[in-house]
Structure formats: C-alpha cells, structure tokens
Amino acid sequence: MASPIIRCLGLVSLGVVLLCTTCRARPDPVTLSDPVTLSYSEALNHVLRQTHFSSSHTARLLKDNSMQLLNLLSSADIRGLIVSSASEAPDGKSSQVFAELKVGVEGWSVDTNMAGGDVARKNNGRGQRESGDGVGLSLLQCIDDFSLFQKAVESRELWAMKMLDAYGKPSPAIFDLNVLWLGAYDECREVTVTQNMTSDGHSFTGKYCNGGIPVILENFVLPVITVKEGLCVPSSCADFDVKLIFNVLLKKELNQSVSLGDVTCTEPTPKLDTLAIIALAVCGAFVVLMVVGTALDVALVQVPRLRCEDTLSILMTGVDSRGEREPLLDVQKHSLSFQLGTCTKLLASFSVYSNVKKLVDTRQSAGSLTCIHGIRFLSMTWVVLGHSFWVATSLGSWNVGRWLEISMKRVMFQLVGNATVAVDTFFVLSGVLVSYLSLREMQKRKGRLNWFLFFFHRFWRLTPVYMMLVFLYLATMQYWGDGPLWPHTWPDRDNCRQSWWTNLLYVNNFVNTGDKMCFGHSWYLANDMQFYILSPFIFVPFYYSAAYGCLSALLFLLATTATPAVLTMLHHYPPGALAKVDTTQQNNGSWFQDFYIVPYTRMAPYVVGMVAGYIIYRSNATLRMPKMVAFLGWVVAGAMGLASLFGLYDATANDPMPVWQAALYNAAGRTGWGLFVAWVVLSCATGNGGFVNTMLSWSAVVPLSRLTYCVYLVHLPLIYTVFLMRRTAFYVTDIDVVSLYKHTYTLTHTPYTHLHNTQRHTPIDTPHTHTNTHTLSLKCTHTHTHIHTHTHTHVCTSTHGELHTAKKITESQE
C-alpha cells in the first residue's frame with residue numbers, strides 16, 4: 001500500500017496538471033484537453049482528507065492552516081481562471097466581466113480597492129494614467145489586449161497557448177512551503193503579436209509579471225509567506241493594470257477574499273543611465289591605467305633590473321647565461337643608471353606585474369604573526385558559507401519548510417545557524433594587530449605616535465575600494481541580470497543614493513539603519529572603524545603600565561558585556577538569528593538594527609584581542625608555557641569556543657530559551673568565543689601552537705588571506721545575483737548549497753588563481769629581485785678594484801636607498 005506521503009505527492013502532482021480551477025461548482029469544467037475534471041479544490045480536499053500528517057512542527061502548522069491554504073490554492077490558479085472566464089465569453093466576445101470593467105474604467109466607476117488600494121488618476125475620461133515608471137499607458141488598451149488574449153485562448157491560437165503555458169502553476173511540495181510558482185519567464189517574453197493579429201492594427205509582446213499573495217502562518221519560523229505566481233500579460237499592461245484586472249476576476253468570478261498584493265512586471269532592459277555610464281568610464285580608465293602602468297613598469301623598471309641581475313650573475317659565476325651571441329659586458333666598468341619622473345612612478349604603481357608579484361609573495365617579515373593568515377582565510381570562508389545558506393533559504397527556495405524543520409534539529413547545523421561568531425573572529429584579529437603593532441611602533445618612537453597618520457592610514461587603507469564598490473553597486477546592479485526572481489527595484493541599491501555618506505563616515509550602523517541601509521553587510525566595517533578609534537584608550541595605558549591597561553580593558557569589557565544583557569532583559573531579544581526566547585514578547589523586528597550591529601554589544605571580542613596583542617608584545621612572542629599549562633589552556637579555550645558555538649542548539653531545535661538565559665548568552669557568548677580565538681593566536685604566536693600553528697601558518701593561504709577584504713565586500717552581491725537570475729526555485733540541500741558556495745568563493749578568488757599561475761611561470765623571480773611595487777628607479781654600478789685582494793662588488797640601489805650587494809673574492813694578486 002502506498003504511504004500517505006506518496007499519496008499526497010501523487011494527488012498534488014495530479015492537481016498541477018489540471019487546467020481548470022474554480023472554487024465553485026460548474027456543470028462542465030473546461031480544460032484544454034478536457035480528459036480530467038477534478039478541480040484543484042477537490043484535489044486539495046482529497047489530500048487533506050486522506051493525508052495523515054506526522055507530528056512534525058511544519059506539518060502540524062500547515063494542517064492547522066489547511067483551510068486557509070485550501071482557499072488560497074483554489075483561488076491562485078490564475079491560468080485556470082483565464083481558461084474558465086474565456087469559456088464563458090458569449091458569441092466569441094469578451095466576457096461580461098471584462099466588458100463591465102472596461103465600462104467602469106471609462107467612467108472611473110471601478111472599485112479601486114480591488115487593485116489593492118491603488119488609485120489611478122483620471123485624464124480626459126479615458127482612463128489614462130501614469131504607471132510607476134512614469135510612462136503614460138492606457139488601462140483600456142490593456143483590457144482590450146487581455147480580452148484578445150482570452151479569445152485567442154478559446155480558439156487555441158499558438159501565441160496565446162504559449163502565454164498561457166508561461167503562467168505559474170501550483171508546484172509539488174506545497175506542504176514543504178514551495179510557494180514559488182514562477183512559470184516560464186523566457187517563453188513569455190518571446191511571445192509576439194503582430195499588427196495583422198489585432199483588430200486595431202497595433203502589436204504587443206508578452207510581459208512577465210510576478211504576483212504576490214500573502215499568507216500568514218501563526219507560530220511558525222516564517223510567520224508570513226508570500227505565494228509568488230508568474231503571470232504572462234500583454235506588454236501594454238502595467239503593474240497597476242495587472243493587479244486591478246486579476247483582483248476584479250478573483251472578486252467577480254470566484255467571490256474570494258484572496259487577492260493579489262504586490263505585482264511587479266519586468267520591463268525591457270533599460271538603457272544605460274548617466275550614472276552607469278560614469279561607472280563604466282571609471283572602470284575603463286582603471287583598465288587603461290593598468291595597461292599603461294604595466295608597460296612602463298616592464299620597459300623601464302623590470303627589464304633594466306633583469307639586466308643588472310644578468311650582470312651580477314656573470315660576476316658571481318663567470319658564466320654568461322644570456323647566450324653566446326650576446327656581447328660580453330665590459331669587465332672593467334659597467335654602469336646602468338635610470339631615474340623615473342613622478343608622473344611615471346604614479347602610472348607604474350598601477351602595474352599588474354608588480355602588484356601581482358607582491359600579492360603572491362609568501363615571504364613574511366620577522367616578527368609577523370603568521371597564524372593570522374590562516375585564521376583570517378578560514379573565517380572568511382565561514383562567512384561566505386553562512387551567507388550562502390541564508391540566501392538559499394530566503395530567496396527562491398523549493399523546500400524551505402522541510403529543510404529548516406530537519407536542519408534545525410541537527411547539532412552540526414549550528415555551524416550555519418550560529419555562524420555569526422565568525423565575524424567576532426575578525427574583531428579579535430583586528431584587536432590583536434592594532435594592539436601589537438601600535439605598541440611596537442610606540443616602543444621604537446619612545447612612546448610617541450603620529451596620531452594623524454594613525455587614523456588617516458586606516459581610513460585610506462579601507463575606504464577607496466569600499467566606496468568604489470558601493471558606487472559600482474548602485475550604478476550598475478540593475479544591469480547585472482534578469483529573470484522571474486530578479487527584483488524590479490533594489491531597495492539596498494536605491495538606499496545608497498541617499499545614504500552613501502553614512503558608509504563613507506562609517507556610521508551606517510547608527511544612521512539610516514534598517515530598511516534604509518546601503519550595502520547592508522558593511523555594518524561590520526562601521527563597527528571595526530569605531531573600535532579602531534577607541535583603541536588608543538586601551539593600548540596607550542598598556543604601554544605605560546600593565547595595571548592601567550588592564551583597568552581600561554576591564555572597564556570596556558564590563559560595559560560591552562553588561563549592555564547586551566540589559567537590552568535582552570528589557571526588549572526580550574533572542575540570543576541568535578534562529579534561536580527562540582520563551583516569551584510572547586520576543587522582539588525580532590529590531591534585533592538586527594538595534595542589537596546585532598551596534599558597537600556597544602559587539603566590542604567584547606575586540607577588547608579580548610587587544611589584551612592578547614599586548615601579551616604577545618610584552619613577551620616578544622617568546623612566551624614559553626609548561627606542557628600541562630598549555631594543555632589545560634587548550635582544553636578551557638576549546639570548551640568556551642564549543643559552548644559559544646553550540647550553546648544555542650536546544651533553543652533552535654527544541655524548547656525556547658528563558659529570557660534570563662538569553663541575556664546570559666548575549667552577555668558572555670561572544671566574549672567566550674573571543675577568548676577561544678585569542679588563545680589560538682597567543683599560543684601560535686608564542687610557539688605553543690604545535691601542529692595548529694603549522695596548519696594556520698601554511699604559506700599557501702597567505703595570498704588568499706590578503707584577498708579576504710575584497711571577498712567580504714563582493715561576495716554577498718555575487719550570491720544574490722546568482723540566486724536571483726535563476727529561472728526555477730532552488731531545491732535546498734547541503735550539497736547544493738556547498739556547491740554554490742564553492743563556485744562563489746572560487747569566483748571571488750579568481751584573480752588570485754590567475755595571478756598565482758602567472759607568478760609560477762615568471763622567469764625573473766630570483767632572490768635578488770626587489771618585490772616592493774613602489775621601487776620605480778634603479779641604479780646599478782660595477783667597480784673593479786685591485787688592492788691586496790681581487791674584489792668584484794656589484795651594487796644595485798633603489799630609490800628608497802636599499803642595497804643589494806654581492807661579492808666574489810678571489811686569491812690575493814700581486
């Protein structure tokens with residue numbers, strides 16, 4: 001006997017292929033082929049009668065809302081509604097509903113509430129109004145074209161059948177919350193109706209629209225879901241027209257309270273506006289600078305340097321490696337002197353060759369914290385993976401209900417559900433580096449720092465590429481793709497036109513937050529900059545006294561620990577994005593903007609990192625611990641890290657967490673994770689990391705670590721683009737999301753892959769090659785002297801006064 005699930009899927013699939021839907025009985029339901037007369041309402045009724053739901057949370061909630069879903073699905077088959085209304089058209093004319101609608105528009109007697117509350121403007125009594133895009137369109141023309149479409153459906157004309165086929169149809173896995181009935185986007189847009197097909201000699205094409213029908217499911221992890229159904233309408237129709245027409249049909253034909261909410265129709269790809277042209281011109285200018293800079297660098301710097309190295313090789317070995325046909329250099333005196341002007345130096349700084357060489361150089365200076373590179377790379381990988389899962393479950397998902405229900409009960413899902421601690425890892429690393437490097441600089445300068453350069457260097461290091469990407473995002477995002485999920489407007493992008501200055505000043509986590517944010521994931525940069533500005537209040541006291549520094553750090557730590565606890569108790573904030581609080585007053589609405597992104601709830605890991613940086617500085621990275629102490633440190637730090645990462649499992653999968661426990665976690669959870677990361681950095685930097693330090697300090701991740709900032713900036717828009725260009729809903733599985741994540745991460749690191757291959761085949765990568773990309777002049781001299789020994793000295797001097805010297809000393813000569 002077939003299982004209840006198989007019967008459910010079979011009946012729903014049967015309903016998908018039905019071509020006539022109505023919630024009221026008709027004597028002869030009409031379909032395109034008319035072999036089956038079972039309506040969607042009957043099929044869903046049968047499913048609800050025969051299916052024995054499991055005790056799972058999702059199924060139980062869907063069963064509780066079964067009548068609402070039944071009414072919705074019975075009314076939402078717009079394609080069946082079109083066929084049904086077309087079949088009632090008397091004598092091949094437009095249906096009575098369309099005739100009444102046209103009369104009402106001419107006199108503006110239509111109930112505008114049927115269009116979702118929109119009010120059109122009367123113009124000369126002809127229903128002329130301006131749509132949202134500012135283009136004058138005729139609602140009457142849309143009604144006429146739609147009536148023609150209905151008559152063509154009745155007569156089975158090919159273009160009309162294609163338009164009808166392009167409509168979204170209820171899909172399988174409805175009870176897994178598959179509410180994306182997208183239809184056929186490209187098929188709709190390919191439909192063309194020529195002038196000889198219409199009565200008044202005009203032409204139109206198919207236009208794809210997306211109609212949203214909101215559904216409220218109480219006490220569910222997704223309290224409001226929206227059924228999105230693809231609609232294929234004549235190109236003469238605007239968003240308002242589609243909403244009005246279908247809501248009139250739903251009201252008159254089906255007498256249902258269900259109505260279309262937001263309707264967005266895709267327009268032809270717009271021409272490049274002024275802002276986009278400027279953005280492309282700027283990108284083109286950078287390309288030109290890179291080409292010119294590379295040519296100058298190779299011709300004026302790299303080739304002369306190669307000649308100097310050849311000279312040095314001859315003097316060192318006595319063998320001319322250039323070939324027998326090349327003339328030997330004058331062994332008595334050789335001079336190659338070349339100086340570059342300021343303009344040439346500036347252009348050569350754009351050299352792809354020199355910058356690539358520096359990027360892939362894995363050598364690190366003495367005193368570097370080499371483990372930082374591995375931690376940074378792994379943390380960025382984690383951030384991209386978490387965002388991939390988040391976007392997959394929030395945009396275009398086929399089985400989001402079932403997947404969330406199953407995944408949240410898996411312990412290892414906390415690696416995704418609680419992946420926000422990866423951001424705290426970056427805060428720890430920033431704190432370590434700021435404290436360690438600033439204290440070393442103060443030691444060199446006897447307690448002094450150039451404070452202007454301290455702050456300006458940070459701003460200049462982060463801001464140019466950041467603001468360039470914000471500019472490209474708001475100027476060109478709308479041209480990146482299209483599809484049934486591609487948004488008609490981009491709130492995040494459009495916000496950048498008004499709020500870009502908050503990003504420039506790094507205050508976008510305080511000003512114009514929520515639905516006004518520009519480049520939403522950049523809240524991290526605002527926090528990091530604010531922490532950097534406050535950092536002197538911690539590391540300066542540390543320089544003069546360990547006691548003063550500890551007192552300052554403790555005050556900051558207490559403030560940023562107590563604040564989230566108090567806010568949680570007052571506003572009942574949850575301890576995580578998916579964790580639940582045991583209260584009817586749980587506040588999820590303002591959690592992100594008022595709790596998650598503000599510095600006074602996020603600074604604890606940064607302070608912990610600064611303390612770790614001070615310890616490394618004071619010990620000169622040579623702190624030796626007894627093996628037992630190191631072992632206990634790893635055990636305690638590991639326990640804190642695991643508690644912070646997996647401590648929300650029960651509140652996510654099973655029972656909600658009491659408010660006091662949520663307050664305790666919000667106060668101590670991020671601090672505990674910060675202590676874990678700080679211990680890893682401290683142990684590896686002081687020689688107590690063992691194999692952990694070996695893995696994290698692997699030279700191969702050094703170039704990847706240098707790219708993490710740009711990966712962070714571009715990865716989320718790239719993930720959004722990949723998902724929103726899909727023509728079908730995404731079926732969420734761990735493998736599929738990880739595969740998508742892998743491709744996204746590869747794309748963001750493509751420059752490194754290409755650059756690495758280029759570097760591998762570069763023939764002049766010798767130990768004597770100066771790798772600083774700002775070395776733009778070179779002077780090489782060779783002197784031959786006779787004293788008591790025969791000494792060949794070859795000196796290459798760069799513009800920075802750096803010397804590359806090699807000597808070959810032979811026996812004494814008379």
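Is Cys-518 buried or exposed at 2% relative accessibility? Cys-518 counts as buried, because a residue is called buried when its relative accessible area is under 20%. The legends below describe close-up views of a predicted model.

**View 1. The disulfide between Cys-496 and Cys-518.** The two sulfur atoms of this link lie 2.0 Å apart. Cys-496 belongs to helix α19, which covers residues 491-504, while Cys-518 sits in the loop between α19 and α20 (523-534). The torsion about the S-S bond is about 95°, so the link of Cys-496 and Cys-518 is right-handed. Cys-496, at 0% relative accessibility, counts as buried, and Cys-518 counts as buried at 2%.

**View 2. The disulfide between Cys-142 and Cys-237.** A disulfide is a covalent bond between the sulfur atoms of two cysteines. The structure holds 4 disulfides, and in the one shown here, joining Cys-142 to Cys-237, the S to S distance is 1.9 Å. The pair links distant parts of the chain, 95 residues apart. Cys-142 is in helix α7 (residues 139-154), and Cys-237 is in the loop between β6 (224-234) and α10 (239-254). With 95° about the S-S bond, the link of Cys-142 and Cys-237 is right-handed. Cys-142 has 0% relative accessibility and counts as buried; Cys-237, at 0%, also counts as buried.

**View 3. The disulfide between Cys-188 and Cys-232.** The sulfur atoms of Cys-188 and Cys-232 are 2.1 Å apart. This pair links distant parts of the chain, 44 residues apart: Cys-188 lies in helix α9 (residues 185-189) and Cys-232 in strand β6. The disulfide of Cys-188 and Cys-232 is right-handed, because the torsion about its S-S bond is about 95°. Both Cys-188 and Cys-232 are buried.

**View 4. Helix α14 and the glycine after it.** Helix α14 runs over residues 371-394 and has 24 residues. From its first C-alpha to its last, α14 reaches 35 Å, close to the 34 Å expected at 1.5 Å a residue. The helix is mostly covered, with 19 of its 24 residues buried. Gly-396 follows α14 and has a positive phi, near 65°.

**View 5. The packing of helices α17 and α24.** Helix α17 (residues 421-444) packs against helix α24 (residues 604-619) at an angle of about 40°, and the axes of the two helices are 7 Å apart. This angle makes α17 oblique to α24. The crossing of α17 and α24 is right-handed. Residues of α17 that meet α24 include Phe-427, Val-428, Val-432, Tyr-436 and Leu-439, and the contacts of α17 also include Asp-424, Arg-440 and Gln-443. On the side of α24, the residues in contact include Tyr-606, Met-610, Tyr-614, Ile-616 and Tyr-617, with Gly-609, Ala-612 and Gly-613 also among them. An α-helix has 3.6 residues a turn, so residues three or four places apart point the same way.

Technical notes
Residues are numbered from 1 along each chain as its sequence is written. This is a predicted model: local features need pLDDT of at least 70, side-chain atom pairs count only at pLDDT 80 or more; totals for chains, interfaces and linings use all residues. Side-chain values use heavy atoms; hydrogens and water are left out. A disulfide is a pair of cysteine sulfur atoms within 2.5 Å. Helices (H or I, at least four residues) and strands (E, at least two) are DSSP runs, numbered from the N terminus. Buried means under 20% relative accessible area, exposed over 50%, partly exposed in between (1.4 Å probe, protein chains only). The expected span of a helix is 1.5 Å times one less than its number of residues. Axes are lines fitted to C-alpha atoms, for helices over the stretch in contact, and angles run from 0 to 180 degrees between N-to-C directions. Angles under 35 degrees count as roughly parallel, over 145 as roughly antiparallel, 65 to 115 as roughly perpendicular and the rest as oblique. A crossing is left-handed if the near helix is turned anticlockwise from the far one by less than a right angle, and right-handed if clockwise. Contact means heavy atoms within 4.5 Å.
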